[in-house]
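This report looks at two topics.

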2 protein chains.
Amino acid sequence: MRAVLSYLGSALVSGRLLSMGVIQGAKERARAEVAGAIKDQARMQLAAEGAARLSLRAVARELGMVSSALYRYFPSRDDLLTALIVDAYDAIGEAAESAFVKAGAADPLHAWGGVCRAVRGWALAHPHEYALIYGSPVPGYAAPQDTVAPASRVALVLLAVAEAAHEAGALTEPDLPAADCDSVVAEEIRQLLEQPDRTLPAAVAPRLAAAWAQLFGLISFEVFGQFNQVIDDRDTLFEKTVVALAHQVGLRSTGSGAGT
Amino acid sequence: MRAVLSYLGSALVSGRLLSMGVIQGAKERARAEVAGAIKDQARMQLAAEGAARLSLRAVARELGMVSSALYRYFPSRDDLLTALIVDAYDAIGEAAESAFVKAGAADPLHAWGGVCRAVRGWALAHPHEYALIYGSPVPGYAAPQDTVAPASRVALVLLAVAEAAHEAGALTEPDLPAADCDSVVAEEIRQLLEQPDRTLPAAVAPRLAAAWAQLFGLISFEVFGQFNQVIDDRDTLFEKTVVALAHQVGLRSTGSGAGT
DNA sequence: TCTGAATGAGAGCAGTGCTCTCCTACTTGG
DNA sequence: CCAAGTAGGAGAGCACTGCTCTCATTCAGA
């Protein structure tokens, strides 16, 4: 459980707590409140119509102000979208984190399933916000640095699940040499895994990344309607696939080092 | 190889040949030519700027005509986008089909890998067109009936690979009862699999659908930049994951009914 | 109390999708 | 071979968009 706290701790500090500062003066508070109202209204339009139909003027109109006033808070439409993207990443990341905390690290397969279910649940409940972050990147929009930390929260939770499993002896080691994996994984991740309090073998990182992408592939097909007229019982398909992904990563039930 | 021909045949007839009619009169030909030029120009703008920045007026301007003239060919921007979507589905489907034909049905694992590689290759070469069909659905845009046949071509190829493997005795049967799978898969797919010349056990359909979604999840993460600063050697990761997916589907090397 | 910054209002610009009317050119029926 | 009908293009115009600029107001701190 140490890994849990450390991973989640770093995620929380880097992505969440620092963004909401201490209580400020009345003026700054009013400003933050208006900015929040703008974001809320924008989020409503996003949920109703999708990102491309999100209109600054409509948001301003709904809020009873004129469109130019909105530019005092967000310098452009892209910046407003970025704020919504960060919020969405934080929301789905928080769903994953709290699911992990709730499931506990005792049974890795149970934790893995809980996290995956939470992510899928959030995606199905917020399809347009999900599309905003995991669909096609917005045109001419390069993800600014503010989004990378929140964007990695779900992946860090999956990493924490694997590390907890490894510490409990419920993670099958990969058979391929670690040197092969080092060239696959990027420098940033290697540094993360080499930190002194990390215990996860670097060799599982590629499998984890693949499972991460595959998980979101499954969710995206469901959210984006690719399973229409193909798969009816998506719950069952998801559950079975999540178990397969856990096995692919190397997760086993606690106690039995090598299951079926 | 019978399965190959029959599957690909139905795909070709339904999706491709019917759309390009016989040689017509000069007038209709001129009309088709202009429509083609519009689509080409639109595709160029799509590749350069993305779907959301595709502008009818800009297309018309580039073609030296006025925007209203363009409405003689496409009744709305959405219809032009739909035409591009159909073309993109056909292109990626054709890439998959020809990869399958080239690989042959002798070695199922080889065929599976070839098809997956071809799909990934097309996606990386045409990221914006890929985003158009596998990214977030365009806002307020419900896929018209014209797109469902082309959209299913890649999936049909994967189905054909599995059926060829089954006929060669290189497909591991699922352990769960077929009744369970029947409720997962939609009516349309069940009817497809129950056709007299189909030999694929219905029980592998769910595994195939899951692998299908996971494959595109992996590709989407790569195309949409989710692997930036996470995975460097994406080729290796893809190859390894494709093998894992093949195993998940139940594909084995020819001759050995159940290998590791 | 005065100054300067923050905030909002309004006009305006260039661009968009789309519709309407008008005019030309061409195909086709007699 | 000619008249009629139609397909296609041109242009104006409408409502909307993101964004910028200027001008007035308000309000906090020196």
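A polar side-chain atom of B:Arg61 lies 2.6 Å from a phosphate oxygen of DNA strand C. The model is predicted. Two residues of chain A also make polar contacts with DNA strand C, A:Tyr73 and A:Ser68. A:Tyr73 reaches a phosphate oxygen, whereas A:Ser68 reaches a base oxygen.

| Residue | Atom of DNA strand C | Distance |
|---|---|---|
| B:Arg61 | phosphate oxygen | 2.6 Å |
| A:Ser68 | base oxygen | 2.7 Å |
| A:Tyr73 | phosphate oxygen | 2.9 Å |

The largest share, three residues, comes from α3(B).

In total, 19 residues surround DNA strand C. The closest are A:Arg31, A:Arg72, B:Arg57, B:Arg61 and B:Arg77. Sugar and phosphate make up 46% of the DNA strand C atoms that come within 4 Å of the protein. By class, this surface has seven charged, seven nonpolar and five polar residues.

The second topic is helix packing. Helix α12 (residues 204-223) of chain A meets helix α12 (residues 204-223) of chain B. Their axes come within 7 Å and cross at roughly 115°. The two helices are therefore roughly perpendicular to each other. The crossing of α12(A) and α12(B) is right-handed.

Residues in the contact include A:Trp212, A:Phe216 and A:Phe221 from α12(A), and B:Trp212, B:Phe216 and B:Phe221 from α12(B). By class, the contact has twelve nonpolar, four polar and no charged residues.

Technical notes:
Residues are numbered from 1 along each chain as its sequence is written. Chains are lettered from A and ligands numbered from 1 in the order in which they are written. This is a predicted model: local features need pLDDT of at least 70, side-chain atom pairs count only at pLDDT 80 or more; totals for chains, interfaces and linings use all residues. Side-chain values use heavy atoms; hydrogens and water are left out. Axes are lines fitted to C-alpha atoms, for helices over the stretch in contact, and angles run from 0 to 180 degrees between N-to-C directions. Helices (H or I, at least four residues) and strands (E, at least two) are DSSP runs, numbered from the N terminus. Angles under 35 degrees count as roughly parallel, over 145 as roughly antiparallel, 65 to 115 as roughly perpendicular and the rest as oblique. A crossing is left-handed if the near helix is turned anticlockwise from the far one by less than a right angle, and right-handed if clockwise. Contact means heavy atoms within 4.5 Å. Ala, Val, Leu, Ile, Met, Phe, Trp, Tyr, Cys and Pro count as nonpolar, Asp, Glu, Lys and Arg as charged, and the others, Gly among them, as polar. A residue is near a molecule or strand if one of its heavy atoms lies within 4 Å of it. A polar contact is a pair of N or O atoms within 3.5 Å; within protein, one must be able to donate a hydrogen and the other to accept it, and residues adjacent in sequence count only if both atoms are side-chain atoms.
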